[in-house]
Amino acid sequence: METAAIVATHKMFIAFVTVIIAGMVSGKISKFIKLPDVVLFLIAGIIIGPAGLNLIDIHGNAITYQLILTFGSAFILYDGGREIKLSILNNIKITVGLLSTVGVFLSALIMGTIIMYVFHIDFIYALLLGSVIASTDPATLVPVFQKVHIKDNVKQAVISESAFNDAAGAILVFSILTIIHSGTFSLQGNIVNLLIMILGGAAVGIIMGILFSFSIDEKYGIFKEYAPIISILGVVISFTLAEAIHGSGYMATFILGLVCGNKKNFGFFVPEENFSTQTHVRETLSLLMRMSIFILLGTHVDFIALSKYWKLSLVIVLILMFIARPIVVWVCTSLYRKEKWTLNDKLFITWVRETGVIPAALSGMITSMHIPHNDIISSVVFMTILVTLVVQASTTEYMAKKLKLLI
């Protein structure tokens, strides 16, 4: 006789297999039709979800879904942090810092104000939505730039911004959720909480990054043969520890990746064999998490809300792409002129701002929390991801060529 636990386990296995097979098939199709794989993951999620074949019971696997969203987004931020090279970042750090902080807040404020008037909702919920779509996506950009070779400073600026602003965007979203749940707003209190989240998360990330790098060091590390496992363990421990001290788990995992990806700067070295194995495991797990998050997002698409709000959602996306983003880039690249960005550099940075994994994960979390206007939020986020990936990600090489940035 099957118990409830056994039945739930069987359903979880079926859901896992279904998602993976759908992801692999989608990935092959994406290469054939030359569209970003995450677009096909979204479509696959719609097909196998309640709106299509109903192969996945999303309501019966709420805990599993939340686990995938939380761990997946944390691991992808860790992976994004590893892609940043401190040697190049040092030359463009001011611009990247401005884009990742001032840029996120400015984008959220501009879009929040517009969303409030377009959808006629309270500003706090409009700002929440503006914050969700304010960040860009390292999980989409990194694979693109593995194929499109452009100037190092522009490439690192785009990738670094996307990794940093994902963490900043996640922190901003959770700060606003705290205000919504508490029902009160205190400027001093919220600034203090925001600083605790940022600094607490960063401190945990630095400490854990150094400790885990030491543990797999070629000379001193006692766990160097377990380098791939240490990567996964590091993400889970850093996220959990940061959250326990009221810091940002997302900031912690991002900084962890930044430290681990630049461990040579701290005097740590990993044996080549172990490093190679770790890289393969990390890339595989990152792909698996991207696949799972976007497919699960597709299963959650509310077609009733989308049919109701798709036109207004499209308007919001176009304003984000052609008004808010140019303002953000021009402001942030003009505040510190010593880094000497050319007009073509600015135009390219303006264009490459795909929305992806972290906004998708945040949207899923907000929907699961039943926050007011979550139907509007999910509709706008879905449309933003779909349009920016189809239009911008697929034209990155074309824009780089037109702007003479290819090398």
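Guide: A residue is called buried when its relative accessible area is under 20%, exposed when it is over 50%, and partly exposed in between (1.4 Å probe, protein chains only). Glu161 counts as buried, at 1% relative accessibility.

Visitor: What kind of model is this, and how are its residues numbered?

Guide: This is a predicted model, in which local features need pLDDT of at least 70 and side-chain atom pairs count only at pLDDT 80 or more, while totals for chains, interfaces and linings use all residues. Residues are numbered from 1 along each chain as its sequence is written, and side-chain values use heavy atoms, with hydrogens and water left out.

Visitor: Which helix holds Glu161, and which holds its partner Arg325?

Guide: Start with the pair itself. A salt bridge is a side-chain nitrogen of Lys or Arg within 4 Å of a carboxyl oxygen of Asp or Glu. Glu161 forms one with Arg325, and their closest N and O atoms are 2.8 Å apart. Glu161 belongs to helix α9 and Arg325 to helix α14 (residues 303-334), so the bridge ties together parts 164 residues apart in sequence. Helices are DSSP runs (H or I, at least four residues), numbered from the N terminus. Arg325, at 6% relative accessibility, also counts as buried.

Visitor: How many salt bridges does the rule give?

Guide: The count comes to four. In general, side chains of opposite charge can pair when their charged atoms come close. Another of the bridges joins the side chains of Arg290 and Asp37, at 2.7 Å from N to O. Arg290 sits in helix α13 (residues 272-299) and Asp37 in helix α2, so parts 253 residues apart in sequence are tied together. Both Arg290 and Asp37 are buried.

Visitor: Lys151 and Asp345 also meet in a salt bridge; what is the N to O distance?

Guide: The distance between them is 3.2 Å. Lys151 lies in the loop between α8 (138-147) and α9, and Asp345 in helix α15, so this pair links parts that are 194 residues apart in sequence. Lys151 is partly exposed, at 27% relative accessibility. Asp345 is buried, at 1%.

Visitor: At what angle do the axes of α9 and α15 cross?

Guide: Axes are lines fitted to C-alpha atoms, for helices over the stretch in contact, and the angle between N-to-C directions runs from 0 to 180 degrees. Helix α9 (residues 152-182) and helix α15 (residues 343-351) have axes that come within 11 Å and cross at roughly 30°. That makes α9 roughly parallel to α15, a label for angles under 35 degrees. The crossing of α9 and α15 is right-handed: the near helix is turned clockwise from the far one by less than a right angle.

Visitor: How does α9 pack with α16, and at what angle?

Guide: The angle between α9 and helix α16 (residues 357-368) is about 15°, and their axes are 10 Å apart. The two helices are therefore roughly parallel to each other. α9 passes α16 in a right-handed crossing.

Visitor: Which residues make the nonpolar surface patch?

Guide: Patch residues have over 30% relative accessible area and no salt bridge, and nonpolar side chains (Val, Leu, Ile, Met, Phe, Trp, Tyr) are joined within 5 Å. Areas come from the Shrake-Rupley method with a 1.4 Å probe. Here Phe16, Val17, Ile21, Met24, Val25, Ile29, Phe32 and Ile33 make a patch of about 810 Å². Ile29 belongs to helix α1 (residues 4-33). Ile29 is partly exposed, at 39% relative accessibility.

Visitor: What is the phi of Asn54, positive or negative?

Guide: Most residues other than glycine have a negative phi. Asn54 has a positive phi, near 55°, and lies in the loop between α2 (37-48) and α3 (62-82). Lys404 also has a positive value, near 60°. Lys404 is in the segment after α18 (396-402) and is exposed, with a relative accessible area of 71%.

Visitor: Where is Gly81, and is it buried or exposed?

Guide: Gly81 is in helix α3. Gly81 is buried, with a relative accessible area of 0%. From Gly81 to Ser215 is 134 residues in sequence and 19 Å in space, C-alpha to C-alpha.

Definitions and conventions: Patch = residues over 30% accessible without salt bridge, like charges linked within 9 Å, V, L, I, M, F, W, Y side chains within 5 Å. Parallel < 35°, antiparallel > 145°, perpendicular 65-115°, else oblique.
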